[in-house]
Amino acid sequence: MSSNNQTSFITKYIFSTDHKVIAKQFMVMGTFFLFFGGAMAMLIRWQLAYPEQKVPWWLLGFIFENDGGIITPDIYNQLFTMHGTIMIFWAITPLLIGTFGNFLIPLQIGTHDMAFPKLNMLSFWTMFLASLVLLSSYILPNGAASGGWTSYPPLSSPSGGIPGLGQTIWTLALILMGVSTMMGAINYISTVVRLRARGMDYFKMPLSIWGLFLASILNSVFVPVIAAGLILLLLDQTIGTEFFLAGRLASGDPGDPLLFQHVFWIFGHPEVYILILPVWGIVSDLLSVFSRKPAYGYKVTAIAMSTVVALSSLVWGHHMYTTGMSPLLGKSFMFLTLLISIPSSMFFLNWLGTLWRGSLHFDTPMLFSIGVIWVFGIGGLTGLYNATVTADIYLHDTMFVVGHFHYTLAASVMLGSFAAIYYWFPCMFGIKLDSMLGKIHFWGSFISLNYVFFNMMAVGYAGQHRRIYNPSEYSFLKHLSGINEWITIFSFILGAFQALFLINIIWSLFKNEKSEKNPWHATTLEWTVEYPIPHGNFIHEPIVFNGPHEYSRPDILDRDWLGQDEKEDDFKHG
Amino acid sequence: MKTLYNKIKSKHILYSGIWFQDLPKDVSLDGYRIDNVISYTDLIISIYFGIVVALLAYFIYQYRASKGHKATYDHGDKRKNVLVTGGLGLLVFFSVDAVIETMAFKDLREAFWNFPKGENVVRIEVMPQQYAWNFCYPGPDNEFGTDDDIIPTQNQMHVPVNTPIVIQLASWDVIHSFYLPNFRVKQDAVPGMITPLWFQAKETGVYDIACAELCGNGHYRMKGYLTVETKEDYQSWLNENSVQETESDEWDDWDDDDDDSGVPENWSWVWEALK
Amino acid sequence: MDKITIDQNDQIVRTGIILAMASVIMLFGTLLSSFFVLKIRLVEKLVLPGNTFSIGLTNSVILVCTSISYMFAEKMYEKRKYSAYEIWLLITIISGYGFILGQLLLWSELTTAGIPLTRGQLSDMFYVISGVHGLHILCGQGLLLWVQLSKNNNGRRIHNVGLFWHFLTILWIIMFTTVLV
């Protein structure tokens, strides 16, 4: 398999079917959109801190020249809509699932490539097409979508009052993105199920693979659900069907706006688990590597993650408590949502168990992993408020929810993605990223993001509701202008620290100091091959003898680790 | 445990918790229930997160890599380990989840879904539109859809103090959400549906009404004012508005309020029987 | 890297197909569920007036026949009766197009009978369900063409494509009967 004629530039770098190249393509795309979405966040924060004041030059103020330099309400709505959409589907999904799913799965399970390499390539280019469609909405006269990333009809339908085609283009872009994701999911699952190397049982796979595998299962089951909903929405938006229109806006038989919400959240809730599962897996592995200790309760963690996956399909109603659902339904959703605490607490405790009695090395990936423990702890615990029907009556659609999901989604995923990038950079590019810059990047990001998202929860606790252009309009929110300003300032600091990340990458690539093989002394299979990893990965299919976390075994002398494909007798010296 | 619960219950207004911001002043009859469950959650998760932070700090210090110090090779997969982890998981579940669930179910049953009936219940129909709040009062005959219905100026809602107010919500166009921060009230107004809610005010004053579901470019300025007043003041306000109603008929053509996107003069619906 | 055997590859492809089927089931499952939600709300039944029902029925029969003819094609290939195989495959492909044309005819008859798109929720859902299914049939047609054009595919490709094609047939029968109940 390593003798493949991928010689021309086009087949090697553009239309490559090599999972490692596709991974890097997703990484570039994801990083681009991460910064694009991040810039939008800065603009949203500007408006919330300094309502209707001229946007400064360093925040690209020139974009708003037509409106006297300020952000207008319709642009503001576009900003938070596209920020959410882009961060979820165009930043996190490509960065975690596209990049690390693609890069890690074949390498860590010990095979040559994905099950369907051509499908893999198609998946990337479909995503690329989806990106073009989405970005094209910016050049429309009425701009991009502005109905929120949840795009509830009737607002998101033509009779909802949003002018222009932005909303329709949004729907189309998302359908394409869904197709890309489905292709990826089928590929990842098939690869894990069918191509594991000899000896690589399910419970010998690294937990990163568990996370990516479970995320792909959710993807393959639930993305078609949202695809169906989006097809119906697209028809409502284009040819005049009224599936989701009711009341006065429906000219014929009334449809059901809540039907869209159900379809959306039946996908939407598993989606948030899709986004976090890779992080759960990666953090479990990295904590083990940098504690030089097996991941505590590996099997329990894997099963707990699977339980959460199963439960996640039953809890979508907790996003809809205030829609007037029947009491019994509300109570059932609350109960099922709360049940998720049990497996979540268990694998969270296992993270702590890994650190306990370990030998902790605070390299950059470890700092980010511990950071994930912190932010996911806060994020997960604050979910309890939103799960409670009564508390949610008050907290629904406030900044509290925004703070909660930014902790679980943005903070955890961001820190997790950085942990992964810093960790696997030597494997992907043969170079270790600078450690000092990495640590400064961590501390700057960690401190500022905690300030930003914690205080978002605080202002939400005080009642500030979501998606509003100017909170100071309301007397019950007037006292929050100071804290809103500080949130903004720290969000700018957070943004600025990401520049360090880019600088680190560019500078390290420029310095080009080759990293040693397996710089972290890790046991998993991706470190057994030298950079540059050839097409086909392994010359001979590896045979796996050990689990993925054989660190500090007392019977292994000279080394504190035993690779998955190494025979323990070779290291015991009789 | 019970005494701790009661302690928090009595101090809920004072306990602004770990969020460093206070909940808005609550002037409703049942809002305290929500504040209580929030306060309890505040307390318990502070304790648990505090323990996690303490453990992290301890581990980071105690187990940092140093010469000669080897990690303990422990997979944590023996039965006792699993039982401890499982036990702790269940502990979290029963100390937090089960408690807040019990509190919430009780509150829903006793208050929020326990709609008041009787003579002194004031019924109001609320119909948000892009971007204003419309209210309809049944008038002296206490029936909606009749000539004496009172439709006051947009965004101005008045209710009498210490009286149960039952509201039916519908929407003129897209989905909105009726949000009364000082009463811990929030309910979506979905077109094609009528959603009920109820509350009771304990104090007079003027309070904010906001829209809590994105409804377009003017979502942020869908501000209303809820005036809670004595029964006498409320009655005189009603009388004023019923008089104004007939007078303003003459001024129909002059009324160019651009918020009034076609909402007809005498909108209302037949009051849906509550189940 | 050691080569993957043909049997292994077959297993991999089968896994992929099963996963694709799972996704497609979820897609149509959502459309069908939405249909039922709207049906319950409107307290209505979907009625195919005039001869539209018989057209729909005929199309369904044609589709079942394509599955049967494809099964014959596969059997002939196994028996190495390659000319017979080609004929049955051709019959399948042509009948497949017949089904698609039949569906388009169904739509046009439905429109002239006074139920065009946007007329009502249940009929709109019928258009969507049959339309999305039709798009999948077109993909299936592409796969059939691929089978026809590939030389020495040792029967496995025929079998795998068959799995997908039969799946689409069964899906249609289930959906067509369910929406009319």
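The radius of gyration used here is taken over C-alpha atoms, and the globule rule is 2.2 Å times the number of residues to the power 0.38. This is a predicted model, in which local features need pLDDT of at least 70 and side-chain atom pairs count only at pLDDT 80 or more, while totals for chains, interfaces and linings use all residues. Residues are numbered from 1 along each chain as its sequence is written, and chains are lettered from A and ligands numbered from 1 in the order in which they are written.

**View 1. Chain A as a whole, a chain with 15 helices and zero strands.** Helices (H or I, at least four residues) and strands (E, at least two) are DSSP runs, numbered from the N terminus. A compact globule of 574 residues would have a radius of gyration near 25 Å, and the 24 Å of chain A therefore agrees with the rule. Along the principal axes, the C-alpha atoms of chain A fill a box of roughly 80 × 55 × 50 Å. Of the 574 residues in chain A, 64% are buried, where buried means that 20 or more other C-beta atoms, placed from the backbone, lie within 10 Å of the residue's own. Among contacts in chain A with a separation of 6 or more, 80% join residues 24 or more positions apart; two residues are in contact if their C-beta atoms, placed from the backbone, lie within 7 Å.

**View 2. The contact between chain A and chain B, with 86 residues from chain A and 82 residues from chain B.** Several helices of chain A each supply at least two residues to the side that touches chain B, among them α3 (73-109), α7 (257-291) and α14 (435-461). The helix that gives the most to this side of chain A is α10(A), with nine residues. By class, the side of chain A that touches chain B has 47 nonpolar, 27 polar and twelve charged residues, with Ala, Val, Leu, Ile, Met, Phe, Trp, Tyr, Cys and Pro counted as nonpolar, Asp, Glu, Lys and Arg as charged, and the others, Gly among them, as polar.

**View 3. Helix α10(A), in which 14 of 15 residues are buried.** The expected span of a helix is 1.5 Å times one less than its number of residues, so the 15 residues of α10(A) should span 21 Å, which agrees with the 21 Å between its end C-alpha atoms. Just after α10(A), R357(A) takes a positive phi of about 60 degrees.

**View 4. The open sheet of chain B, with five strands in the order β3-β9-β8-β5-β6 and mixed pairing.** Because β3 (156-160) and β6 (185-189) of chain B stand at the edges with a single partner strand each, one side of each is left without a neighbour in the sheet. Two strands pair if DSSP finds at least two bridges between them, and β3(B) pairs with β9 (residues 224-229) of chain B in the parallel sense over five bridges. Within this pair, H158(B) has T227(B) in β9(B) as its bridge partner.

**View 5. Chain C and the side that touches chain A, where 28 residues of chain C are in contact with 37 residues of chain A.** The elements giving two or more residues to this side are α1 (6-42) and α4 (121-149) of chain C, and α1(C) gives the most, with 17 residues. This side of chain C comprises 14 nonpolar, nine polar and five charged residues. Chain C has five helices and zero strands, and 32% of its 181 residues count as buried.

Conventions: A residue is buried if 20 or more other C-beta atoms lie within 10 Å of its own, exposed if 12 or fewer, and partly exposed in between; C-beta atoms are placed from the backbone.
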